[in-house]
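Hi everyone, thanks for making time for this. Please take a look at the model on the screen, and then I'll walk you through what I found in it.

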Amino acid sequence: MEKVKITLVKSLIGAIPNQKATAATLGFRKIGDSIILNKDKSVEGKITVIKHLVKVETI
């Protein structure tokens with residue numbers, strides 16, 4: 001299965017509560033945090049919600 005590396009590059013301070021909750025479910029706490037996940041529909045949906053706050057790389 002294809003994997004993606006997601007990195008938080010912008011602050012969550014001005015984000016709406018839905019975006020903050022999505023970032024928390026992915027495990028982001030501060031700028032620079034990175035995670036590697038399998039690419040599936042649920043992860044793609046979460047990325048869509050916070051796409052302006054993260055950088056996504058295919059591994």
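Let's start with L8, which touches F28, K30, I31, G32, D33, L53 and V54, leaving aside residues up to four places away in sequence. Contact here means heavy atoms within 4.5 Å. Before I go on, a word on the source: this is a predicted model, where local features need pLDDT of at least 70 and side-chain atom pairs count only at pLDDT 80 or more, while totals for chains, interfaces and linings use all residues. Residues are numbered from 1 along each chain as its sequence is written, and side-chain values use heavy atoms, with hydrogens and water left out.

Helices (H or I, at least four residues) and strands (E, at least two) are DSSP runs, numbered from the N terminus. Is T7 buried or exposed? T7 is buried, at 10% relative accessible area. For the cut-offs, buried means under 20% relative accessible area, exposed means over 50%, and partly exposed is in between, using a 1.4 Å probe and protein chains only. Again leaving out residues up to four places away in sequence, T7 touches F28, G32, D33, S34, L53, V54 and K55.

Now, the core. The largest nonpolar core has 14 residues, and those touching the most other members are I6, L8, F28, I50, L53 and V54. β1 (3–8), α1 and α2 each supply at least two residues of this core, and β1 gives the largest share, 3 residues. By nonpolar core I mean a set of buried Ala, Val, Leu, Ile, Met, Phe, Trp, Tyr and Cys residues joined through side-chain atoms within 4.5 Å. As background, nonpolar side chains tend to be buried together in soluble globular proteins.

On to the sheet. In what order do the strands of the open sheet come? The order of its 3 strands is β2-β1-β3, with antiparallel pairing. The edge strands are β2 and β3 (54–58), each pairing on one side only. Neighbouring strands are turned by 25° against each other on average, direction ignored. Two strands pair if DSSP finds at least two bridges between them. Here β1 and β2 pair over 5 bridges, in the antiparallel sense, and 5 bridges also join β1 to β3, which run antiparallel too.

The bridge partner of K5 in β2 is I36, and in β3 K5 stands opposite E57.

How many salt bridges does the structure hold? There is 1, and in it the side chains of K55 and E57 meet at 3.4 Å, N to O. A salt bridge is a side-chain nitrogen of Lys or Arg within 4 Å of a carboxyl oxygen of Asp or Glu. K55 is partly exposed, at 43% relative accessibility, and E57 is partly exposed as well, with a relative accessible area of 32%.

Last, the helices. In helix α1 (residues 17–26), the buried residues are Q19, T22, A23 and L26. Why do they lie on the same side of α1? They do so because they cover an arc of only 100° around the axis, where the arc is that of the directions from the helix axis to the C-beta atoms.

What do the buried residues of α1 pack against? They pack against β2 (34–38) and α2 (41–49). Take T22: this residue of α1 is buried, at 9% relative accessibility. T22 touches K46, V49 and I50, not counting residues up to four places away in sequence.

Over in helix α2 we find T48, which counts as partly exposed at 48% relative accessibility. T48 and Q19 are 29 residues apart in sequence and 10.0 Å apart in space, C-alpha to C-alpha. And after α1 ends, G27 follows, with a positive phi near 100°.

Conventions:
Axes fitted to C-alpha atoms, helices over the stretch in contact; angles between N-to-C directions.
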